[in-house]
Amino acid sequence: MSKTFAVIGDPISHSLSPNIHSAAFRELNLDCVYIGYRIPKDELESGIEGLKKIKIEGFNVTIPHKIRIMKYLDKIDESCSLIGAANTIVNVDGNLKGYNTDMDGFLEPFKKKGLEIKNSKILLLGAGGAARAIVAGFAKEKAKSITIANRTIENAEELSEFAGKIGLASDVLKIENVKDTAKNYDIIVNATSVGLKNEQSIISLDGINEKTIVYDIVYMPMNTDFIKKAKENNAIVIYGYEMLLGQATRAFEIWHNMEAPYNAMKKALLGGF
Ligand code: ATR
């Protein structure tokens with residue numbers, strides 16, 4: 001019988017994960033299927049029961065369940081407990097084990113391109129769930145310091161406290177006070193949702209150069225205004241789809257215990273744009 005995988009969330013119809021994983025199954029001739037399953041916010045418990053009944057092998061978790069799924073897990077790995085959220089679950093005979101691939105997915109493009117994080121000065125825009133996984137990633141890779149700029153300063157302060165606890169020096173800033181300081185950083189990351197609706201970049205990138213790494217985690221549209229401004233300044237660009245691909249390949253490896261077919265998955269993802 002085919003093995004079944006899923007992504008749960010709400011909304012789910014726009015998810016690219018079924019395409020990406022199905023392409024991997026085809027590439028490697030695996031007898032597996034991957035479906036999108038809409039579970040509304042207040043139906044998580046019954047949704048999970050349903051998944052267990054159909055003997056789901058594993059599933060991804062997206063908005064709005066990433067944090068609340070934690071209480072339904074029998075085991076969590078270190079990435080999950082560090083970030084406080086799960087996005088990849090393995091089901092072994094009704095026992096659920098959670099992982100969080102956001103951090104590894106975020107770091108993957110740096111590794112693939114041989115870009116150094118160690119001793120870098122970071123400017124991070126945003127202080128939500130994704131930003132937390134990113135802070136954990138920069139701490140792991142021994143960045144020098146991180147400036148967290150956010151619309152709501154309290155959220156930035158909370159994240160800064162987390163950074164301190166895991167050994168990464170940080171300070172906070174209201175996002176409108178970034179002004180012309182982008183050029184003082186080695187790596188600039190947009191982890192806000194600004195760009196999803198084609199908005200203008202929330203900060204100026206004037207003065208950055210060809211050594212600056214600019215990373216947007218917004219993947220739709222691919223060429224956000226933030227990315228365009230980075231390119232105008234000849235910066236090194238990392239697209240949001242690269243993180244998405246990093247997360248998907250990591251999830252694949254957790255579930256199937258073999259190397260993910262990166263190129264086939266990338267092709268399926270880019271075909272989705
Ligand atoms: P995710 O899980 O994708 O990180 P989230 O936890 O809702 O989503 O975080 C969204 C981030 O985008 C937050 O940093 C949010 O800023 P606030 O903490 O002030 O809410 C930021 N954000 C969303 N819309 C924004 C906007 N229009 N301008 C500036 N920041 C915005």
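This is a predicted model: local features need pLDDT of at least 70, side-chain atom pairs count only at pLDDT 80 or more; totals for chains, interfaces and linings use all residues.
**Domains.** Colour residues 3–100 and 243–271 as domain 1, then 103–238 as domain 2. Their C-alpha centres sit 26 Å apart.

**Interface.** Show the contacts between the domains next. Eleven residues of domain 1 touch 17 of domain 2. About 1200 Å² is buried between the two domains, and carbon and sulfur atoms give 74% of that area. Now select Leu-82, Ile-83 and Met-243. These three supply 51% of the area that domain 1 buries against domain 2, more than any other three residues.

**Salt bridge.** Across this interface the rule finds one salt bridge. Separately, pick Arg-250 and Asp-104: their side chains form a salt bridge, with 3.2 Å from N to O.

**Largest pocket.** Centre the view on Thr-62, Ile-63, Lys-66, Tyr-219 and Gln-247, which lie nearest the centre of the largest pocket among its 43 lining residues. The space here is about 1300 Å³. Both domains give residues to the lining, so this pocket lies between them. Show helix 1 (17–28), strand 3 (58–61), helix 5 (129–140) and helix 8 (240–256); each gives two or more residues to the lining. Helix 8 has the largest share, with six. Colour the lining by class: 22 residues are nonpolar, 18 polar and three charged.

**Second largest pocket.** Move on to a space of about 300 Å³. Select Gly-126, Asn-150, Arg-151, Thr-192 and Ser-193, the closest to the centre of the second largest pocket among its 13 lining residues. By class, its lining has five nonpolar residues, seven polar and one charged.

Note on methods
Residues are numbered from 1 along each chain as its sequence is written. Side-chain values use heavy atoms; hydrogens and water are left out. On a 1 Å grid over the protein atoms alone, a cavity is a set of points where a 1.4 Å probe fits but cannot get out, and a pocket is an open set with protein on both sides within 12 Å along at least five of seven lines; lining residues have an atom within 4 Å of a point. Grid points are joined across faces, edges and corners, and a volume is the space filled by probe spheres set on the points. Helices (H or I, at least four residues) and strands (E, at least two) are DSSP runs, numbered from the N terminus. Ala, Val, Leu, Ile, Met, Phe, Trp, Tyr, Cys and Pro count as nonpolar, Asp, Glu, Lys and Arg as charged, and the others, Gly among them, as polar. Domain bounds come from an automatic or database domain assignment. Contact means heavy atoms within 4.5 Å. Buried area is the accessible area (1.4 Å probe) that two parts lose on being put together, summed over both. A salt bridge is a side-chain nitrogen of Lys or Arg within 4 Å of a carboxyl oxygen of Asp or Glu.
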